[in-house]
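Please look over the model below with me.

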Amino acid sequence: MRVRSLAAAAAFVTLAAATLVAGCGFQLRGAYTLPYESIYLALPDYSELGAGLKRNIHASGGTRLTERQEDAEAIFQPTGEARERLILSLSGTGRVRELRLRYRFGYRVVDAKGRNLIPPGEVEMTRDMTYDDSNILSKQQEEVLLWRDMQSDMVQQLLRRLAAVKPVAATETD
């Protein structure tokens, strides 16, 4: 008899948790569907960011990647990329104590004639980290991992922005 009441209680708790999660608007992040039938990524072949974007666009299945700009409905163009390493604080002896890593990526989406489909935008990410001269190797590895993590987040941010924006009628560039 006790086993049934425990099973019923567990089922009730599971049902209550599922209801709460569904009620708060939680939704698993699925594949992004881009509002274009085809897109060309004007990024170099060696670009890790470009490889991540291509992989995610392929996975979504809704948008076709083209090999040539002329064959694409939309062309994704980078307008700038910057990685900065800023000193946040120093110790009393003048040694670095904290760093900020900043990654900025500017982009625009145009049609085959060069007219803006999406207004130019920029994504910026920052990560703060402590620094210690006595652990240089481990801090360098931590920095590499943070850069890699920021790049992965950058891909997701760009895909979210591309999927969320409703393309406007093409406008002439300045």
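The numbered points below take the hairpin, then the ring pairs.

1. A caveat comes before the rest. This is a predicted model.

2. Start with the hairpin. Strand 4 (residues 96–110) and strand 5 (residues 116–130) run antiparallel, joined by twelve bridges. Within this pairing, L99 stands opposite M129 in strand 5. Five residues lie between the two strands, and G114 takes a positive phi near 90° in this hairpin.

3. Next, the rings. A pair of aromatic rings is described by the distance of the centres and the angle of the planes. The structure holds three aromatic pairs. In one of them, F76 and Y107 have ring centres 5.8 Å apart and planes at 15°, so the pair is stacked. F76 belongs to strand 3 (residues 74–90) and Y107 to strand 4, so the contact ties together parts 31 residues apart in sequence.

4. Burial of that pair is clear. F76 has 0% relative accessibility and therefore counts as buried. Y107, at 5%, counts as buried too. Ring pairs also link F76 and Y107 with F105 into a cluster.

5. Now Y103 and W147. Their ring centres are 6.5 Å apart and their planes stand at 85°, so this pair is edge-to-face. The pair links distant parts of the chain: Y103 is in strand 4, W147 is in helix 3 (residues 136–164), and 44 residues separate them. Both Y103 and W147 are buried.

6. What sits over the ring of Y103? The charged end of R83 does, 4.6 Å from the ring centre. Y103 thus has two contacts to inspect: the ring of W147 and the charge of R83.

Conventions. Residues are numbered from 1 along each chain as its sequence is written. This is a predicted model: local features need pLDDT of at least 70, side-chain atom pairs count only at pLDDT 80 or more; totals for chains, interfaces and linings use all residues. Side-chain values use heavy atoms; hydrogens and water are left out. Two strands pair if DSSP finds at least two bridges between them. Helices (H or I, at least four residues) and strands (E, at least two) are DSSP runs, numbered from the N terminus. Rings of Phe, Tyr and Trp (its six-membered ring) pair if their centres lie within 6.5 Å; planes under 30 degrees apart count as stacked, over 60 as edge-to-face and the rest as tilted. Buried means under 20% relative accessible area, exposed over 50%, partly exposed in between (1.4 Å probe, protein chains only). A charge sits over a ring if NZ of Lys or CZ of Arg is within 6 Å of the ring centre and within 35 degrees of the ring normal.
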